[in-house]
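Here is a friendly walk through some local features of this protein, with the sequence and structure to hand. Keep the viewer open as you read.

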Amino acid sequence: HGFDGSLPEIEKIYEIATKGSDDEKISAASILCGASLVRGWNIQEQVVLFIISLLSPPVPADYSGSESHLIRYAPFFNVLLVGISPVDCIQIFSLHGMVPLLAGALMPLCEVFGSTAPNGSWTLPTGEELTSHAVFSNAFTILLMLWKFDHPPVEHVMRDATPVGSERSPDYLLLVRNSKLSAFGKSAKDHLKIRRMSKILNFCMEPIFMDSFPKLKRWYRQHQKCIASTLSGLVQGTTVHQIVDALLNMMFRKIGRAAQSSTSTTSGSSSSSASGAEDILARLKVPAWDILEGAPYVLDAALTACAHGRIAPRELATGLKDLADFLPATLGTIISYFSAEVTRGIWKPVFMNGTDWPSPLANLSVVLQQIKKFIAATGVDVPSLETGGSSPAMLPLPLAALVSLTITYKLDKSSERYLVLLGPAMSSLGGSCPWPCMPIISALWAQKVKRWNDFLVFSSARTVFHHNSDAVVQLLRSCFTATLGLSPSIMCSNGGVGALLGHGFGSHFSGGMAPVSPGIMYLRSHRTIRDIMFMTEEIVSLLMFSVKEIASRLSQEKMEKLKKTTFGLRYGQVSLGTAMTRVKLAASLGASLVWLSGGLSLVQSLIKETLPSWFISAHTPELDRGEPGGVVSMLRGYALAYFAVLCGTFAWGVDSVSPESRRRPKVLDSHLEFVASALDGKISLGCDYATWRAYVTGFVSLMVGCTHKWVLDVNVDVLKRLSNGLRQWNEEELAIALLGLGGATATGTAAELIVEIGA
């Protein structure tokens with residue numbers, strides 16, 4: 001179904017979905033989740049809100065049943081959930097900032113349908129039977145995708161230091177939802193949105209908290225416990241133990257039947273086996289939350305049995321697939337358990353030999369060569385990349401089991417949402433394991449789906465930067481040289497953003513993959529870099545090197561022009577202006593890389609620690625090739641000033657209203673205290689005088705001209721000392737302007753300074 005008309009028409013569809021008959025509601029839901037959502041860009045935001053509203057119907061005034069009123073809407077909910085489950089639809093909710101609101105609508109569905117045993121079912125228009133397990137799984141898998149379930153716990157070991165609370169948890173999504181709804185309508189932008197919004201939209205504005213969902217909260221605690229430590233606490237005879245036993249029997253019942261048939265001489269063994277299977281399914285007609293509670297113990301038992309040879313690897317993969325088919329929501333537990341076990345490193349690696357486990361050897365060496373060629377196009381050379389091709393292909397046991405499970409899925413529409421959940425987790429996990437685990441995974445999947453080869457190679461190429469710090473430095477250098485046009489061999493010799501980002505990713509050439517630009521490669525790989533704290537020093541070093549190259553080319557071009565023109569002085573002024581433009585471009589790139597790599601914490605580390613350390617450290621004097629006044633040193637100072645101010649702007653903004661701006665005073669005051677102390681002669685500097693002067697005047701000029709609010713965050717005493725230092729350099733106007741923005745106390749000092757200068 002598809003419908004992408006005007007707002008009045010889509011409102012009629014929404015009205016049918018809320019007030020029509022059951023069949024009409026299902027048809028209307030199908031239309032809303034069709035072209036209206038995917039291609040109806042002019043009404044997309046309205047459709048997104050309609051879908052969230054439909055997933056949260058109010059309790060009918062005449063409802064008096066003991067069970068939740070949501071149960072009666074199961075077929076209707078299922079159409080909506082299946083309709084929005086494709087990753088493209090989830091992305092639409094994300095682009096409109098509606099992920100927290102969608103999560104708030106899904107959690108009640110998960111709580112209710114996950115607490116309902118599948119004793120009854122609903123018949124869909126297609127003739128299929130729908131159970132509470134199916135509705136729960138569809139809602140739960142979408143909820144998992146919303147809070148980036150595929151990242152933990154691997155992201156906790158991908159970098160040396162992961163900020164506390166970096167995981168986007170269900171609690172976090174609810175807090176954001178409540179905050180957005182409580183603040184809605186208070187800004188001018190919201191008033192415009194209210195005018196555009198449908199008048200018939202019925203939306204719950206009340207806050208929601210995790211305590212409203214005890215089953216979900218209990219599961220989430222178990223999930224965190226599973227990540228933090230090995231499993232324990234399964235008591236025999238309990239309900240959980242019975243469910244675990246039934247699940248294991250269901251997963252490996254074929255093995256049990258084979259053992260029975262080899263020892264049984266009675267003709268009734270097959271009927272006994274059939275009745276046994278029915279008995280297992282009857283024992284598993286329990287609420288989905290109970291099954292999820294037992295799933296980690298099932299996985300632990302299955303993996304242990306495989307490790308000790310009691311079940312074959314192929315039987316393990318088949319059993320996992322049976323578990324996932326029985327309750328697709330268990331994929332979340334499979335991902336979290338296997339990821340945690342790989343992170344713990346307690347399982348021996350297994351040989352992917354093609355007998356017990358699938359073998360990648362048919363194309364692994366080709367994949368490794370393609371990876372090396374791929375990253376070489378970005379200016380990165382890692383000679384050791386191909387060494388994995390000759391050694392035995394091995395994966396940690398839990399990762400091998402996860403890969404084998406993913407390969408069992410068919411590439412059809414019904415499996416897409418499960419592969420979307422499994423794929424990123426497998427990629428994240430493979431990237432964190434020793435090289436060449438990720439190329440092995442890519443080689444296995446490339447055998448299954450050849451048209452995915454380029455994407456798989458690209459995914460593997462990103463993990464090179466997790467394992468090799470030198471490759472990260474080379475990639476950063478390529479970003480600078482491409483942007484500034486300093487190396488004609490990389491993508492584009494003209495420089496600029498076009499050379500940095502290129503034309504995206506894809507097989508644009510008949511001979512294979514198009515080379516990926518350094519910027520795109522960094523954007524896709526920076527999250528996998530282990531040690532981000534060394535990045536600031538490397539970026540500062542590359543910025544200084546780039547300034548030297550800019551000045552060097554300026555000198556060469558200038559000498560050539562001076563030989564050909566009588567307007568040497570004017571050309572010198574123009575070429576210096578051109579150089580400053582390129583220096584600003586280099587500083588912008590450096591600031592963008594710092595902010596992208598480590599966010600607020602890395603910016604604060606740069607300004608509080610890295611820059612003061614750089615100014616104090618001794619640097620080898622550069623020969624400025626006869627440039628008057630030390631052009632290289634001066635350009636370096638201005639580059640660092642632009643770089644520092646831009647980093648601060650990204651992190652704190654230029655106002656004093658945003659939450660980020662509250663972190664600014666302490667860091668900024670600390671940095672300017674260092675600058676003032678150096679101007680007072682209390683700190684000895686190792687950098688060139690021209691660099692220091694250009695940095696201080698440049699930084700203060702940018703504050704005065706672009707970030708007025710910053711000045712108010714600085715201690716008045718520090719401002720006075722800065723102004724005194726600027727006066728010693730004959731920068732009276734800048735000193736007065738700085739004091740003039742420092743509040744009432746500093747304004748008096750500025751007035752005294754004006755009188756003193758006038759006298």
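## Salt bridges within a helix

In this predicted model, the side chains of Lys 19 and Glu 15 meet in a salt bridge, at 3.7 Å from N to O. Both residues belong to helix H1 (residues 7-19), where being four residues apart separates them by about one helical turn. Lys 19 is exposed at 65% relative accessibility, while Glu 15 is partly exposed at 36%.

Glu 341 counts as buried, with 3% relative accessibility, whereas Arg 344 is partly exposed at 25%.

Glu 731 pairs with Arg 693 in a salt bridge, with 3.7 Å between the closest N and O atoms. Glu 731 lies in the loop between H33 and H34 and Arg 693 in helix H31 (residues 689-706), so this pair ties together parts that are 38 residues apart in sequence. Both partners are partly exposed: Glu 731 has a relative accessible area of 25% and Arg 693 one of 28%.

## Backbone details in two loops

Asn 730 sits in the loop between helix H33 (716-728) and helix H34 (732-740). Its phi is positive, about 65°, although Asn 730 is not a glycine. This residue is exposed, with a relative accessible area of 62%.

Another loop, between helix H21 (413-432) and helix H22 (437-448), holds Pro 436. The peptide bond from Trp 435 to Pro 436 is cis, with omega near 5°.

## A buried serine

Ser 137 is part of helix H8 (residues 132-146) and counts as buried, because its relative accessibility is 1% and the cut-off is under 20%. Setting aside neighbours within four places in sequence, Ser 137 is in contact with Leu 327, Pro 328 and Ala 329.

## The cavity

How many cavities of 30 Å³ or more does a search of the whole structure find? There is one, and the largest cavity has a volume of about 50 Å³. Its lining consists of Trp 219, Gln 222, His 223, Cys 226, Pro 296, Thr 333 and Ser 336. Helix H12 (214-228) and helix H18 (330-344) are the elements that each give two or more residues to this lining, and H12 gives the most, with four. By class, three lining residues are nonpolar, four are polar and none is charged.

Terms used. Residues numbered from 1 in each chain as written. Predicted model: local features only at pLDDT ≥ 70, side-chain atom pairs only at ≥ 80, totals over all residues. Heavy atoms only, no water. 1 Å grid on protein atoms, 1.4 Å probe; cavity = no way out; pocket = protein on both sides within 12 Å on 5 of 7 lines; lining within 4 Å. Points joined across faces, edges and corners; volume = space filled by probe spheres on them. Nonpolar A, V, L, I, M, F, W, Y, C, P; charged D, E, K, R; others polar. Buried < 20%, exposed > 50% of the residue type's maximum accessible area, 1.4 Å probe, protein only. Contact = heavy atoms within 4.5 Å. Salt bridge = Lys/Arg side-chain N within 4 Å of Asp/Glu carboxyl O.
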